[in-house]
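Q: Hey, I've got a structure open and I'd like to talk it through. Can you help me find my way around?

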Amino acid sequence: MAPKRSTRASTRAADSSQGDAAPDGDDNDEVDVKKPVRGKRSASDRSEKKAKAEPPSIPLFSHWLMKSEPESRLENGIDVKFGIEDLKALPNQTGCWDGVRNYQARNFMRDMRKGHLAFFYHSNCKEPGIAGIMDIVKEAYVDHTQFDKKDVHFDASSKPDSPKWSMVDVQYQRMLQRFIPLSELKKYHLQHGANGGPLKSMALFTRARLSVQPLTSEEFQFVLDLENKAPI
DNA sequence: GCCAACGTTGGC
DNA sequence: GCCAACGTTGGC
């Protein structure tokens, strides 16, 4: 059975002990060791291989955009709503970004480092766009929801001794001074495509369906500067 | 609600 | 390894 949405979906708070009580050992289960399985490789193994990036010794990006749905929507009878206000409402304003079921999105989460910044993007809603900023507060570790039969993002093909899916913990930092709608970003994207400018190859438009995506520092800074400018 | 874009599956 | 069929994403 196919995985469902790759956007984040649950409202689970992050383990509040995450701070200093999350030593490296915890994260090490998550290393990319794929047991060499003898014999036939499944289609998903192949998909994963294709999506797998070269292991970069130096992280390429330090800014991110992560999508989640701020409006109620039932998936298998479960509400997948999780907007920036929901993150803000969690203990310590911190939550785990679970439910990502796309290899490229997962790989980007594995590239995230503590202290990286991410935009919280509202998707699949009345007004899509960037609502605020989060901090990455815990680096990639096993997404427990892949083993939970009751979870919307349960993945029967993932085994506890070689988990497929990872998540990070994020902490709410602040709202943008004004909501930056997708429509406005798109205007800049088109303008920059024609005349040059920082948003000309923004992943939001070139990789529209990717729920976790990188931004260059220039892209991030340009978007950030928009909060103090009048909408176009 | 529609549907284009694109990722995944699985037979061959 | 190819690729048609299928399923999901997410704007509109």
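Q: Let's start with one residue: is C125 buried or exposed?
A: C125 counts as buried, because its relative accessibility is 15% and the cut-off for buried is under 20%. Keep in mind that this is a predicted model.

Q: And C96, buried or exposed?
A: Buried too: C96 has a relative accessibility of 2%.

Q: How many disulfides does the structure hold?
A: Zero disulfides turn up in this structure. In case the word is new, a disulfide is a covalent bond between the sulfur atoms of two cysteines.

Q: OK, zooming out. What is chain A built from?
A: Chain A has seven helices and eight strands. It runs to 232 residues, and 46% of them are buried.

Q: What about its surface? How much of that belongs to carbon and sulfur?
A: The accessible surface of chain A is about 12100 Å², and carbon and sulfur atoms account for 52% of that.

Q: How far apart in sequence are the residues that touch?
A: Take the contacts in chain A between residues at least 6 apart in sequence: 76% of those join residues at least 24 apart.

Q: Now the inside. Which residues touch the most other members of the largest nonpolar core?
A: Those are M66, W97 and V168, in a core of 23 residues. At least two core residues come from each of β1 (63-68), α3 (84-89), α4 (103-111), β5 (117-122), β6 (129-142) and β7 (166-181). The element that gives the most is β6, with four residues.

Q: You named V168. What does V168 touch?
A: Leaving out residues up to four places away in sequence, V168 touches quite a list, including M66, W97, M109 and I136.

Q: Going back to the cores, which residues does the second one include?
A: The second core is separate and has 19 residues, among them I130, L204, V223 and L226.

Q: What caps the N-terminal end of α4?
A: That's N102: one of its side-chain oxygens lies 3.0 Å from the backbone nitrogen of Q104.

Q: Last one, F179. Where is it?
A: F179 lies in strand β7. It counts as partly exposed, because its relative accessibility is 27%, and that class sits between 20% and 50%.

Q: What is F179 in contact with?
A: Setting aside neighbours within four places in sequence, F179 contacts H122, E127, P128, G129, I130 and A131. F179 and H122 are 57 residues apart along the chain, and their C-alpha atoms are separated by 10.0 Å.

Notes: Residues numbered from 1 in each chain as written. Chains lettered and ligands numbered in written order. Predicted model: local features only at pLDDT ≥ 70, side-chain atom pairs only at ≥ 80, totals over all residues. Heavy atoms only, no water. Core = buried A, V, L, I, M, F, W, Y, C linked by side-chain atoms within 4.5 Å. Buried < 20%, exposed > 50% of the residue type's maximum accessible area, 1.4 Å probe, protein only. Contact = heavy atoms within 4.5 Å. Disulfide = S-S within 2.5 Å. Polar contact = N/O pair within 3.5 Å; in protein donor to acceptor, adjacent residues only side chain to side chain. Areas by Shrake-Rupley, 256 points an atom, 1.4 Å probe, with all protein chains shown as cover.
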